[in-house]
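Subject: Structure for your review

Dear colleague,

Please find below the structure I am handing over to you. My findings follow it.

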Amino acid sequence: MKLVLIGAPAAGKGTQAARLVRHYGIAHISTGDMLREEVAKGTDLGNQAKSIMAAGGLVSDEIIIAMVKERIQRDDCKKGFILDGFPRTVVQAEKLEDMVALDHVVYINAPDEVMLERLTARESCPKCGATYNKLFMPAKTAGVCDACGEKLTQRKDDTPEAGKARIKTFHEQSEPLVGYYGKKGILFEVDGTQAVDEITKAIIAGLDR
Ligand code: AMP
């Protein structure tokens with residue numbers, strides 16, 4: 001299964017992708033995670049991306065496309081993959097089409113105010129990568145990872161200012177993908193304001209139909 005998840009920041013792409021990869025046994029490709037790794041390692045690419053990400057903009061299509069092209073050729077993608085956060089522009093979608101034939105595109109839709117509220121309440125574990133949300137998926141002990149006991153951190157771009165900029169970027173640059181994939185007949189939409197379990201069920205029902 002080759003799948004794309006589209007949605008504004010904090011629509012629930014990462015949370016749902018983690019559940020879907022377990023369900024279908026396919027690879028999870030998050031371009032945001034890949035970029036954050038480059039930033040953490042201090043590579044040239046990471047240094048180029050750092051300020052763009054902090055400001056809520058998009059890293060250049062050229063860099064992202066090269067990254068994804070290499071990633072989807074790895075062995076763990078043979079059974080399929082979920083792209084989480086890519087494509088984010090129509091140019092990226094066109095290039096992806098040259099690389100693979102997608103089976104489905106899922107659009108997780110929610111109003112801006114819901115996403116902004118969720119985004120500023122997100123936390124994650126720097127050690128094991130577990131993610132939490134103070135509003136609806138809190139850690140058992142505030143600020144501490146359930147899985148490994150590490151202190152939780154907040155993403156630098158999950159502030160109200162950067163969050164607003166990222167939501168604006170989504171509307172301007174990524175929302176056209178809904179029409180793009182809709183025309184191709186491979187897109188379905190799920191209501192991202194539902195509870196996490198309900199969203200997962202709706203996605204699986206749509207994919208297995
Ligand atoms: P995410 O974790 O998906 O919210 O991505 C975090 C940040 O990484 C975004 O706000 C962008 O700055 C950058 N990024 C991630 N994926 C892409 C992409 N496909 N194209 C351009 N920039 C991206």
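In this predicted model, the ligand is surrounded by 16 residues, of which T31, R36, G57, G85 and Q92 are the closest. The shell around the ligand consists of six nonpolar, five polar and five charged residues. Its largest share, four residues, is contributed by helix α2.

An N or O atom in the side chain of R36 lies 2.9 Å from an oxygen atom of the ligand. In the side chain of Q92, an N or O atom is 2.9 Å from a nitrogen atom of the ligand. For R166, the distance from a side-chain N or O atom to an oxygen atom of the ligand is 3.3 Å. The ligand taken alone exposes 480 Å², and the protein buries 96% of that area.

Which residues of α3 are buried? Within this helix, formed by residues 44–54, they are G46, A49 and M53. Viewed down the axis of α3, the buried residues fall within an arc of 75°, and they therefore line one face of the helix. D44 and S51, by contrast, are exposed on the other side of α3. Just after the helix, G56 adopts a positive phi of about 85°.

With kind regards

Technical notes: Residues numbered from 1 in each chain as written. Predicted model: local features only at pLDDT ≥ 70, side-chain atom pairs only at ≥ 80, totals over all residues. Heavy atoms only, no water. Buried < 20%, exposed > 50% of the residue type's maximum accessible area, 1.4 Å probe, protein only. Helix = DSSP H or I, 4+ residues; strand = E, 2+ residues; numbered from the N terminus. Arc of directions from axis to C-beta. Near = heavy atom within 4 Å. Polar contact = N/O pair within 3.5 Å; in protein donor to acceptor, adjacent residues only side chain to side chain. Areas by Shrake-Rupley, 256 points an atom, 1.4 Å probe, with all protein chains shown as cover. Nonpolar A, V, L, I, M, F, W, Y, C, P; charged D, E, K, R; others polar.
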